[in-house]
Amino acid sequence: MSADSEQRTIRCLIAKVGLDGHDRGAHVISRAFRDAGFEVIYSGLHRAPDEIIQATVQEDVDVLGISILSGAHNTLVPKLMAGLEEYGALDDTLVIVGGIIPEEDRPRLLDEGVDAIFGPGTPMQETIDFVKEHAPERA
Amino acid sequence: MSRAVESDLVERLLDGEHRALARAITKIESQSPGYRDIVSELHAHTGDASVVGITGSPGAGKSTLVDKLAKHYRDHGETVGVIGVDPSSPYTGGAVLGDRIRMASNVGDMDVFFRSMSARGQLGGLSTATADAVKALDAFGKDRIIIETVGAGQNEVDVVKTADTVVVLVQPGSGDDVQMLKAGILEIGDVFVVNKADMEGASRTVAELQEMIHLRDDPRANLDTGHHGTEALDDAGHRDDGHGGGHGGHADTEPDADAEDDASDADEPLVWTPQVLETVATTGEGIDELVETLDDHRDYLDASGELAEKARKRAGEEIRQLLRSDVNRLLEAEIDRRGGVDAFAEAVVEKETDPYAVAEDVLEPLRECLDDRDD
């Protein structure tokens, strides 16, 4: 059927988690993703990990983009990962992190199951290409 | 496509696995291979949920109201499914789905299943996808299902029509909005809600709506509910004492008392006059009245037999819609086999043939095939 040949729409959740009030980056990436043809759900500010997990599971997004500039990533990211695992959503969700993540913290986050980390100054196209290339197959 | 995968998904969905429900809706929404098997299997498990559609212009407060409604139902021990429909860009297909952001009262509560969907641009496809997603939520066991959509065009009106009860949300002082409502949405509203009723102009908007509803009523309805018109207008006239209350009565009849008698009495059918309510969604004012009115409407639908009638109509429309898109797909494929629509178009422009002849030509094998059948 023609449905097979249709290009799949990539769904993303852009999440601001924890006590971090800076969402310019999240807005910019939301718009860029939208303009790239993705469906974007933006979480809004100050979300608890539970909320993000709920949204990721229910919306069945291909990509979870977490924006953290507060420095609490070592606490928040593992919580998110554990929650996704609990609902069986970790394996087929591409998890990317943006914001201020010190170099020495990165291996740990990647170890937790984060697929990529994009720091300040990453060209938008690079992130979009990464998502397009790595968005999980929804069979 | 393997049938086993779909069956497994359906089984897990019926078992109450959230992830399976989410994945089923993804398949429905993207019409991925096998989604029809899923919907077919789910169909037998549907019919228990009450479905409310909420529409209104952007910024009227739909999402906030839906959030409060969901909370109310949760407080009474019922489970809730919400489908929020947002427009997508016709150019890139991209969309920012923003309704979820307002669901602040149900944080982390998995028994409120909120799903954003975008109008992905297929003609009529959105209402099919929404109706199928509602089935998935229904089969999952949700007691209450709410469909939320921006009331912009035919597509959205079709979407909201998949609900049993339609709520139209209006902002105070939106004279132009009310004008717009006249152009189509008025006909589909069972309940009108003037949200942000603490703002100036709320009472005028209520009065305007009342007036329009009574203009649209057929004469029989007016006879049936004569007390209604004056009372409602009076109410609207002197409402400086606060807000959040309902205007006018609720159901026009007492369905519990009259149901049995009226069902057989064809001369005096039950009639529902659309209600106008006021709410302040941000504070939750008027939500109780709204819930009550929604239940009244549900009772009315039950008692009058309209619920069954609506279900039949909807099923008929679904069948037609499916056949339309299926036949369309068959014919598209046939056109491609014959060299594509461009070649035909070129021939038409060159006056070698005309559109009617081409259509007849493409359609002929199909028609012959159907005519030749002897059963």
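User: Which helix of chain A holds A:Glu126?

Analyst: This is a predicted model. In it, A:Glu126 sits in helix 6 of chain A, residues 124-134.

User: Is A:Glu126 buried or exposed?

Analyst: Count neighbours. A:Glu126 has 11, so it is exposed.

User: How far is A:Glu126 from A:Arg11?

Analyst: Their C-alpha atoms are separated by 18 Å. Along the chain, the two residues are 115 residues apart.

User: A:Arg11 belongs to strand 1 of chain A. Which way do the side chains of that strand point?

Analyst: Start with the general idea. Side chains in a regular strand alternate between the two faces of the sheet. Here A:Arg11, A:Leu13 and A:Ala15 point one way. A:Cys12, A:Ile14 and A:Lys16 point the other way.

User: How many residues of strand 1 are buried?

Analyst: Six of the six, residues 11-16 of chain A. Strand 1 of chain A is therefore largely enclosed by the rest of the structure.

User: What does strand 1 of chain A pair with?

Analyst: Look for bridges. Strand 1 of chain A pairs with strand 2 of chain A over four bridges, in the parallel sense. Within that pairing, A:Ile14 stands opposite A:Tyr42. Strand 2 of chain A, residues 39-42, is also joined to strand 3 of chain B by three bridges, again parallel. There, A:Ile41 stands opposite B:Leu97.

User: How many residues does each chain give to the contact?

Analyst: Chain A gives 32 residues and chain B gives 30 residues. On the chain B side, helix 2 (18-30), strand 3 (95-97) and strand 4 (112-119) each give two or more. Helix 2 of chain B gives the most, with seven residues.

User: What classes make up that side of chain B?

Analyst: It has 11 nonpolar, 13 polar and six charged residues.

User: Which residues have the most contacts inside the largest nonpolar core?

Analyst: A:Val40, B:Ala136 and B:Ile146, in a core of 110 residues. Helix 5 of chain B, residues 125-140, gives the most to this core, with nine residues.

User: What does A:Val40 touch?

Analyst: Leave out residues up to four places away in sequence. In chain A, A:Val40 then touches A:Cys12, A:Ile14, A:Ser30, A:Phe33 and A:Arg34. In chain B, A:Val40 touches B:Ala95, B:Val96 and B:Leu97.

User: How many helices and strands does chain B have?

Analyst: Chain B has 16 helices and nine strands. Of its 375 residues, 42% count as buried.

User: What covers the picture for strand 9 of chain B, residues 275-278: which residues lie on each side?

Analyst: B:Gln275 and B:Leu277 lie on one side, B:Val276 and B:Glu278 on the other. All are buried, and both faces are covered. Strand 9 of chain B pairs with strand 7 of chain B, residues 191-194, in the parallel sense over four bridges. B:Leu277 is the bridge partner of B:Val193.

User: How many residues of helix 16 of chain B are buried?

Analyst: The count is zero among its 18 residues, and helix 16 of chain B is hardly covered.

User: Where does helix 16 of chain B bend?

Analyst: At B:Glu364, by about 45 degrees. A proline, B:Pro365, follows within four residues.

Definitions and conventions: Residues numbered from 1 in each chain as written. Chains lettered and ligands numbered in written order. Predicted model: local features only at pLDDT ≥ 70, side-chain atom pairs only at ≥ 80, totals over all residues. Bend = angle between axes of the 7 residues up to and from the residue. Buried ≥ 20, exposed ≤ 12 C-beta atoms within 10 Å, placed from the backbone. Core = buried A, V, L, I, M, F, W, Y, C linked by C-beta atoms within 7 Å. Contact = placed C-beta atoms within 7 Å. Nonpolar A, V, L, I, M, F, W, Y, C, P; charged D, E, K, R; others polar. Pairing = 2+ DSSP bridges.
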